[in-house]
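Q: I am new to this structure. Please pick one part and take me through it closely, then show me what lies around it.

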Amino acid sequence: MLETTWFLLWGILWAVYFILDGFDLGMGTIMPFISRNETDRRTIYNAAGPFWDGNEVWLVTAGGVTFAAFPAAYATLFSAMYSALFLLLFALILRGVSFEFRSKVDSAAWRSIWDVCHVVGSFAPALLLGVAFANIFRGIPIDANGVNQEGLLQLLNPYGLAGGVLFVIMFVLHGAIWLGIKSHGELHDRAVSLATKAWPVLMLWAVTFVVYTAVETKLLANYIQNPLLLVILIGAVAGMIAIRPALGHGHLWRAFAASATGIAGTTLFGVVGMYPRLLPSSLNDAWSMTIQNSASSPLTLKIMLTVALVMVPVVILYQLWVFKTFSHKITKDDLDYEEAY
Amino acid sequence: MDALFLSRLQFAAATMFHFIFVPLTLGLSILVALMETRYVSTGNDIYKRMAKFWGKLFLINFALGVVTGITLEFQFGTNWSRYSTYVGDIFGSLLAIEATVAFFLESTFIAVWVFGWDRISPKLHLMAIWLVAIASNLSGLWILLANGFMQNPVGYTLRGGRAELADFMDVVTNPFGWMQFFHVIPGALIVAGFFIMGISAWHLLRKSHPEFFRKSFAFGMYAALIFSVFTAFEGHIHGNEVALLQPAKLAAMEAHWETTDNAPMYLFQIPDEANEENLVEMFPIPGLLSILAYNDPSATVKGLKDFPKEDRPPVTITFLAFRAMVGLGSLFIALSALAWLVRNRLEDYPLLLKALVWCIPLPYLAHQAGWIVAEVGRQPWIVYNLMRTSDAVSPITAQQVGFSLAALTGMYLLLGAADIFLLFKYARKGPQ
């Protein structure tokens, strides 16, 4: 029961991370296509400004919880995806410093260096996280000793890439909606129009991905056994569909919530499909890392659960307060503010 | 070069680079919070300008501290997966708790502080910087408790080929972790103190914003003076702890080869590791090593030769790092005491001011040296007396690690250069 609780929390932590960092990674990805001038770019940076750091801590927590609750799975996963993880890390580092460094020197060349870092550092994590999760859904070649020697190129298989593209599209749409919320004028209109154009692409790709998943993975077994769980898939699809009317009516917060539901549903659809496996083995199911064979001791799980039940609601409360305090549209005053990026 | 050697090199590079930024973040967050407290309680605008000026330098430094920290968490899984499986039950949970109770707070409220000057009330804004300062240092506590477990494993039982948590209270009250906490955090305030003193001195020499920098200087000077004295005393107690729990490390710190009673300390010594002796031993102070280790001039101090060769840490590195740390620590007491003596007539002592500018990097070096003593001195163990570093490495290829190490080093060098360039630029520019 403890293991199952932590498995669900683990899935939820990743889902929350994708929802939160998803919008700023998405905004970074679309920056070169949607910005016409320096003001547009600064608006984009400042639309993510007060949030990106707090968002990224959900990744640190998701990683930390994997380490703490399922150490054997953490060890296998992180060493198995060695090169991919380092690429992800380098991308996130470059993106993180681009926020702080870009505005600090008044030179076009300096700014464009950090813009490149920002765009690559936003696109690459979106793609790599999708590739990683699709590969986990499908299974990675874990042998009897829990060792896997898969290189980066094996991760970039067609199904893995399909997952990567799905994440990129989801995040792009999510980021465009957020930019619509935070900006006004032409940039706002371009962001909403981009989101509207990205929507049919997302729907098409999501359907393709579900079909591909049915063919390529064993994820659906749990759903066939317990059809009630299909609620998650239905929720994901319903969330994605609901984006369009909300955009059409100009209800951007509603569109954002719908998009968040789509992202959470997609993540949890895969996670629940794997249960009780955390890392299915593609070689032999007996070698999979499951919640039983990779979990920490009951005492650790209990203590961590206590910490999580007390602290996570507090974190959510103060992060919501921050979102409320800084949800206003970016204006010229904000860009003239001395601490603005 | 094998995956083990390269992984050790990579871990050393990643931690040492991360730890260039962390001490200033820990110390400066507290000092900036104190400056802003002065502003809110007195209403004097100069303190607001001080919080903003030092806060800007804090932020430039903070960014690199955060992003390089993520590398470390990942590396336990990527490069030290066997270690992660073995102690994840305890070590992993401490990292997870750190993220949940401290890192979230720090990362969320730093943004509130940066973007909130005109959006929230001064009191709420002051609360934001205090939350950042408390959370950063709380982060440090959890990380040091995790490191404390590697230094002095407690509260565990061995079951099913791994260390399982047996007593959480033992882990969070581990005296070794707390000793490190009370050594590292005051050390961070020394870094911040010398940072502020040095930059203020530079401006005072040029007579730019004299009132602003005299007031700033005082913050730095008091922090440096109080905490360099504190750290020295605490270091002595910490040394007692090391003598008790990690006798091989203590012997390596002093290049002490033979087990002796009434062991002397030599003011000048050159260790010769290959021949298990010291090439030079000059100016002995009788009994001082026994006092340092056990507070008793006649106590027996175990020598390195009484440890099996495969259980000894690298002696020369540990010895030199320890000497560097202690030597620098003594210098910090002297310099900050000198600054305190002439605090009202600073501009009459240009030589001292010039020296303080050049001293900015020294507390950083002391920190790095301290960590070398702690980590290299613990070798060959990754978890003291429980797991060897050589058994902890991931089943990965040397080629994979080679690539990541090269990329990491290259990127860190460039980012470090950019960061130092920006710190210089904004430090010289002075307040608005």
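A: Start with a pair of residues: B:M265 stands opposite B:I285 in β5(B). This is a predicted model, where local features need pLDDT of at least 70, side-chain atom pairs count only at pLDDT 80 or more, and totals for chains, interfaces and linings use all residues. Residues are numbered from 1 along each chain as its sequence is written, chains are lettered from A and ligands numbered from 1 in the order written, and side-chain values use heavy atoms, without hydrogens and water.

Strand β4 of chain B covers residues 265-272, and β5 of chain B covers residues 277-285. The two pair in the antiparallel sense over 7 bridges. Strands pair if DSSP finds at least two bridges between them. Helices (H or I, at least four residues) and strands (E, at least two) are DSSP runs, numbered from the N terminus. In a regular strand, side chains alternate between the two faces of the sheet. The hairpin has 4 residues between its strands. There, B:E276 takes a positive phi near 50°.

Now step from the hairpin to an open space. β4 of chain B supplies at least two residues of the lining of the second largest pocket. So do α6 (175-205), α7 (210-245), α8 (247-253), α9 (288-294), α10 (315-341) and α12 of chain B. A pocket is an open set of points on a 1 Å grid over the protein atoms alone, with protein on both sides within 12 Å along at least five of seven lines; lining residues have an atom within 4 Å of a point. This pocket has a volume of about 1,100 Å³. Volume here is the space filled by probe spheres set on the points, which are joined across faces, edges and corners.

Which residues lie nearest the centre of the second largest pocket? They are B:H183, B:G235, B:F322, B:M325 and B:V326, out of 42 lining residues. The lining divides into 25 nonpolar, 14 polar and 3 charged residues. Ala, Val, Leu, Ile, Met, Phe, Trp, Tyr, Cys and Pro count as nonpolar, Asp, Glu, Lys and Arg as charged, and the others, Gly among them, as polar.

The largest share, 12 residues, comes from α1(B). By class, this lining has 31 nonpolar, 13 polar and 6 charged residues.

Methods. 1 Å grid on protein atoms, 1.4 Å probe; cavity = no way out; pocket = protein on both sides within 12 Å on 5 of 7 lines; lining within 4 Å.
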